[in-house]
Amino acid sequence: MTALHGDSRLDLLLADAEEFRPVLDEGLPGEAAQRGPRPREKDSFERKRTDADPNDLTVQRWAVVAPRSREGSQLLEAIAPLIRLREEEQGAPVTVHRVPPEMDARETAAWREAECWRDDVPEDEWPYYLLLLGDLEQVSLEFQHAIAGSALVGRVQFEGASGEVDLDGYAAYAEKVVRFAREGTPEPAADMLFFVAPDGSTATHAGATKLVGPSVTAVQEGRDKGSLPVACVQTIDAETTDELLAAGASGRPSVLLSVSHGLGPPRRGFRSEDEQRRRQGALLLGRGEVLDAERMRGQRFLPSGLWFCMACFGAGTPSASAYHAWLSQLAKEGAYGGKAELVLQSLPARGSRPFVAAMPQAALASPEGPLGVIGHMDLAWTYSFSSASNPAEGRKSRILAALRVMARGGRAGVALGTLLQSYGEANDALMASYQLEASARAEGRPDPTDRVDRARLWMLRNDLRGYVLLGDPAARLPLRQSALRGMAPERRGAVVASPGDGEPAPAISEERGQSSGAEVVALDVKVAAVDALFGGDETPRAIAARAGVSLATLWGWVDAYRAGERSRLGG
């Protein structure tokens with residue numbers, strides 16, 4: 001491997017999808033970051049209800065955000081078993097929010113105050129966990145980033161080969177989460193797996209020496225001392241996709257940290273948008289070995305596990321990169337021998353369609369795949385595990401803290417939240433630097449800020465902000481002590497809709513999970529309701545309201561129909 005330089009070089013985990021080589025062999029000089037523009041918004045992280053266990057849904061609550069469209073209703077129907085599971089787990093109705101497409105940060109902030117955390121709703125009923133359904137054009141990435149400043153957020157999206165919505169993928173994922181949550185496993189402790197692609201690049205070398213190596217040592221020490229209940233600590237030595245998939249096929253719940261280059265466009269560009277959506281963000285293992293959606297589909301890999309996948313575009317591609325303006329200026333000046341131009345060519349053009357990477361979609365849709373994937377929705381640099389004061393030094397604690405949460409049985413959203421706390425700290429420090437500069441200018445004093453420190457904070461802030469969770473934020477490893485097998489099968493609440501969706505919700509009895517005064521419903525009403533739901537022309541909530549029952553009751557009719565056709569509806 002190439003020796004790690006002693007400077008603050010900006011190493012990038014991005015590879016050319018045709019040549020299978022790093023876009024930046026030796027990164028950019030650290031001084032390049034001094035040209036980064038001031039962020040447009042201030043969205044620091046605020047943890048909610050810190051006096052209670054963040055993993056306790058009876059206190060923190062769980063809700064769903066779906067597109068305000070016919071397709072959004074279909075997505076809700078596809079994950080209905082997961083909604084019912086969370087109802088039981090939190091002992092209260094699940095609120096379903098419907099949102100319009102392309103919401104920006106300002107619109108999201110207004111929605112948060114007016115709809116999600118309304119002042120006329122008791123604070124202990126506000127949801128801390130939010131599961132987003134749909135692609136990045138339906139529920140925008142800006143919405144996800146902005147709401148993650150105050151909640152634990154995850155997204156599930158599945159599409160077919162031609163870009164059509166894959167309802168079977170949604171249903172398979174929901175069934176998998178429910179199955180593992182109810183049944184658990186006999187294992188009291190998880191495995192911790194670590195993998196660095198053996199491609200010899202400076203970026204993966206930095207990942208090995210500054211993050212993975214020190215993390216393995218720390219986990220081993222914690223295991224030996226009894227402070228971290230881990231069954232096994234394993235560094236995966238794999239040079240091929242077959243070897244990596246085999247190493248992750250163990251039946252024991254596992255947490256995996258992988259460091260590799262993610263595929264970006266070849267220099268001539270992808271031949272089509274479909275090809276880009278299939279391949280961008282796939283993992284380059286070295287020597288032309290690529291782990292993409294086609295190879296991952298249907299594989300047994302990290303069954304019931306959680307995956308921290310560190311690679312450029314590993315979770316998806318935004319419509320506009322946080323680094324576009326910075327790299328455009330460097331490229332315009334011809335700085336650093338054209339290196340900035342190479343990276344700029346890998347970024348999405350302004351106005352491009354954003355998308356969730358195909359590879360993690362395939363992993364999450366597999367019945368024997370992981371329950372959640374934390375990955376990057378932009379360029380991924382090595383700053384997330386580097387010291388802000390001296391990037392040549394490692395700072396493993398940001399990533400390791402998230403891994404420890406997952407290994408201990410904490411929910412995936414809580415794990416991402418620990419990482420976003422570091423983002424909030426970097427964001428606040430960066431904004432404080434700009435404020436000091438502005439105050440000095442207003443008072444006629446010399447600028448007291450250090451531009452090198454500001455540049456490092458800018459890189460750290462943007463690198464950490466790019467991480468998102470694909471999967472249910474309430475998903476957790478199904479360790480023996482976390483199984484829900486003792487939970488009563490009856491739901492203690494019913495799905496309710498946020499007020500603002502344009503349709504009245506039925507009056508719900510939380511004791512029965514059905515509408516007041518509607519204990520007996522005629523068979524023809526049940527059949528008509530189920531037929532209407534399968535027709536997809538109306539929202540489930542509108543159908544339930546017309547039948548005079550709750551959504552929970554309507555979903556029960558659907559389950560009965562599926563189990564025994566229409567005869568069961570009259571039982």
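Among contacts in the protein chain that join residues at least 6 apart in sequence, 78% link residues at least 24 apart. The model under discussion is predicted. Its protein chain has 571 residues, of which 58% count as buried, and the secondary structure comprises 19 helices and 19 strands.

## Nonpolar cores

The largest nonpolar core holds 152 residues, and within it W307, W326 and L379 touch the most other members. Helix α15, spanning residues 412-442, gives the most to this core, contributing 10 residues. Another core lies apart from the largest one and consists of 10 residues, including A532, A547, L554 and W557. As a general point, nonpolar side chains in soluble globular proteins tend to be buried together.

## Helix packing

Two packed helices are described by the angle between their axes and the distance between the axes. Two such pairs are set out below.

| Helix pair | Angle between axes | Distance between axes |
|---|---|---|
| α2 (residues 70-78) and α3 (residues 80-90) | about 60° | 4 Å |
| α6 (residues 167-183) and α13 (residues 358-365) | about 55° | 8 Å |

With an angle of about 60°, helices α2 and α3 are therefore oblique to each other. On the α2 side the contact is made by L76, E77 and A78, and on the α3 side by A80, P81 and I83. Helix α3 is mostly covered, since 10 of its 11 residues are buried. After α3 comes G91, which has a positive phi, near 65°.

The angle of about 55° between α6 and α13 makes α6 oblique to α13 as well. Here the contact involves G169, A172, Y173 and K176 of α6 together with A363, L364 and A365 of α13.

## The loop residue I79

Which residues does I79 contact, leaving aside its neighbours within four places in sequence? They are V64, L131, L133, Y170 and A174. I79 itself is found in the loop between α2 and α3. Its relative accessibility is 1%, and because the cut-off for burial is under 20%, I79 counts as buried. The C-alpha atom of I79 is separated by 8.6 Å from that of A172, although these residues are 93 apart along the chain. A172 is also one of the α6 residues that make the contact with α13.

## Aromatic pairs and charges over rings

A pair of aromatic rings is described by the distance of the centres and the angle of the planes. In this model the count comes to 11 aromatic pairs. One of them joins Y128 and Y129, with 6.1 Å from centre to centre and 75° between the planes, an edge-to-face arrangement. Both Y128 and Y129 are buried.

A further pair is formed by F301 and W307, whose ring centres are 5.3 Å apart; their planes stand at 70°, so this pair is edge-to-face too. F301 is buried, as is W307. W307 is also among the residues that touch the most other members of the largest nonpolar core.

The charged end of R179 sits over the ring of F180, at 4.6 Å from the ring centre. R454 lies over the face of Y434, 4.2 Å from the centre of that ring.

Two loop residues other than glycine have positive phi values. S304 has a phi near 65° and is found in the loop between α10 (293-296) and β12 (306-310). With a relative accessible area of 1%, S304 is buried.

F313 has a phi near 60°, again positive in a residue other than glycine. It lies in the loop between β12 and β13 (316-317). Is F313 buried or exposed? At 0% relative accessibility, F313 counts as buried.

Conventions
Residues are numbered from 1 along each chain as its sequence is written. This is a predicted model: local features need pLDDT of at least 70, side-chain atom pairs count only at pLDDT 80 or more; totals for chains, interfaces and linings use all residues. Side-chain values use heavy atoms; hydrogens and water are left out. Rings of Phe, Tyr and Trp (its six-membered ring) pair if their centres lie within 6.5 Å; planes under 30 degrees apart count as stacked, over 60 as edge-to-face and the rest as tilted. Buried means under 20% relative accessible area, exposed over 50%, partly exposed in between (1.4 Å probe, protein chains only). A charge sits over a ring if NZ of Lys or CZ of Arg is within 6 Å of the ring centre and within 35 degrees of the ring normal. A nonpolar core is a set of buried Ala, Val, Leu, Ile, Met, Phe, Trp, Tyr and Cys residues joined through side-chain atoms within 4.5 Å. Axes are lines fitted to C-alpha atoms, for helices over the stretch in contact, and angles run from 0 to 180 degrees between N-to-C directions. Angles under 35 degrees count as roughly parallel, over 145 as roughly antiparallel, 65 to 115 as roughly perpendicular and the rest as oblique. Contact means heavy atoms within 4.5 Å.
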